[in-house]
Every structure is written in C-alpha cells, then in structure tokens.
Amino acid sequence: MTALLKLAWLFLKIGVVFVGGGYVLIPLLHRIMVDELHWLTLREFLDGVALSQLTPGPLAMLATFAGFKCAGFAGALVATVCIFLPCTALMLFLSSRYERFRSIDTMKDLLDGVLPAVVGLVFAAAFNLGKTSLSQPRDFILLVAGFAVLQFTTLAPMAVILGAAAIGLIFNF
C-alpha cells in the first residue's frame, strides 16, 4: 500500500470516531502515530498538539502535520481531507434529519450515554499529555495558571496559549 493510501485509510478510520471534538482523539493519535507507526517522536507529537491549538479545528490539524511529515504536501492534503470527510458526511446526513431525530427518545438516550464517555476520553487525553509533558515545577505552575485564567476570566484561549509560549521563551533563556 502506498504511503498516500495508507494515510487516507488511517485518517478515514480516525475520522469515523472523531466525535466530541479533537481532544478525544489525543490518546488514539498518540498510540497510532508515536507508538505503532513511529511517524512522529513524542516531542514532535506534543509540539504538533501545541501548534495545532493555534489553528481552526485544532487537533484535526495534527493530521495535516503528520501527513506532511510522512508524504509531504500531498500527504498533508490527503490526511486533512480524510479526517474531515466522515464527520462532514455524517453532519450533512444528520442535519438534514435533525428535526425528526431530536424527538426520538432512543436518540436522546444515545446522546446521554455518549456524553460521559466523551468527558472520560478528554480526561484520559489530558492525563496522557500531562504525564509526558509536565516535568518541572514551572510546568505545573503554568498548568494551574492556564486553568484558572480560562475558568475564572473571559480571556480567550488564544491569549492563554500565546502567554504561556512567551513565558516558555523567557524561562528557557
């Protein structure tokens, strides 16, 4: 299988489970890209996650990064299209039938069951990122400060990310 076909197949499969936002994909993407296929080092993966926060559709852009690293511009394009294709097709299908679906009790029950699982996946992703990237007291201070600023102020997440980047630059000199 060529690199582009392998990328397409992988990101189509990932796109099928791309529910609840990109953060639920962090453990899956880490396992596949770092542990199994060795497309990215742990540092590259963490850098990709951090950089993807600066883009629309944050973690899906990690697919673009991995695709580029594996097969250049064509790989980036294939990975990006394929990770968005399943969820886009699903949303087009569901949105055209939303009024009919929202009144079905089974659908409400299904979504009520999915929500706690998505929260668990986000927590697992945060835990995995934390245990690999929080190693110094400064890291924990930035973690608590970022959480507090986002939780208790109206400051935009982008400002927190840029502020943390600036602090990282200052403390690394």
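1. **What counts as a pocket.** Before anything else, a quick definition: a pocket here is an open set of points on a 1 Å grid over the protein atoms alone, with protein on both sides within 12 Å along at least five of seven lines, and its lining residues have an atom within 4 Å of a point. Keep in mind too that this is a predicted model.

2. **The largest pocket.** With that in hand, the largest pocket has 43 lining residues, and those nearest its centre are Ala50, Ser133, Leu143, Ile161 and Ala164. Two or more lining residues come from each of α3 (42-52), α6 (105-133), α7 (137-152) and α8 (157-171). Helix α8 gives the largest share of the lining, 11 residues. As for volume, the space in the largest pocket comes to about 1,800 Å³.

3. **Ala164, by the pocket centre.** Ala164 belongs to helix α8 and is one of the residues nearest the centre of the largest pocket. Buried or exposed, or something in between? Its relative accessible area is 32%, so Ala164 is partly exposed; the in-between class sits between the 20% and 50% cut-offs. If you want a distance to check in your viewer, the C-alpha atoms of Ala164 and Leu25 are 23 Å apart, and the two residues are separated by 139 positions along the chain.

4. **The overall fold.** Zooming out, the protein chain has 8 helices and 0 strands, so the pattern along the sequence reads α-α-α-α-α-α-α-α. Its C-alpha atoms fill a box of roughly 55 × 45 × 25 Å along the principal axes. Take the contacts between residues at least 6 apart in sequence: 58% of them join residues at least 24 apart.

5. **Surface and charge.** Of the 173 residues in the protein chain, 26% are buried. The chain exposes about 11,100 Å², and carbon and sulfur atoms supply 74% of that area. On the charge side, there are 11 positive and 9 negative side chains, with the centres of the two sets 5 Å apart.

6. **Phe45.** This one sits in helix α3. Phe45 counts as buried because its relative accessibility is 1%, against a cut-off of under 20%. Which residues does Phe45 contact, leaving aside neighbours within four places in sequence? The list is Ile26, Leu29, His30, Val34, Leu40, Leu62 and Leu129. Cys87 is 42 residues away from Phe45 along the chain, and their C-alpha atoms are separated by 23 Å.

7. **Ala66.** Helix α4 (residues 60-95) holds Ala66. At 0% relative accessibility, Ala66 is therefore classed as buried. Not counting residues up to four places away in sequence, Ala66 touches Phe11, Met33 and Leu40. Leu40 turns up in the Phe45 list as well. One more spacing for Ala66: its C-alpha atom is 7.1 Å from that of Ala76, 10 residues away along the chain.

8. **His38, worth a look.** Where is His38? The residue is in the loop between α2 (26-36) and α3.

Terms used:
Residues are numbered from 1 along each chain as its sequence is written. This is a predicted model: local features need pLDDT of at least 70, side-chain atom pairs count only at pLDDT 80 or more; totals for chains, interfaces and linings use all residues. Side-chain values use heavy atoms; hydrogens and water are left out. Helices (H or I, at least four residues) and strands (E, at least two) are DSSP runs, numbered from the N terminus. Buried means under 20% relative accessible area, exposed over 50%, partly exposed in between (1.4 Å probe, protein chains only). Contact means heavy atoms within 4.5 Å. Accessible areas come from the Shrake-Rupley method with a 1.4 Å probe; for residues, only the protein chains shown count as cover. Lys and Arg count as positive and Asp and Glu as negative; His and the chain ends are not counted. The place of a charge is taken as NZ of Lys, CZ of Arg, CG of Asp or CD of Glu. On a 1 Å grid over the protein atoms alone, a cavity is a set of points where a 1.4 Å probe fits but cannot get out, and a pocket is an open set with protein on both sides within 12 Å along at least five of seven lines; lining residues have an atom within 4 Å of a point. Grid points are joined across faces, edges and corners, and a volume is the space filled by probe spheres set on the points.
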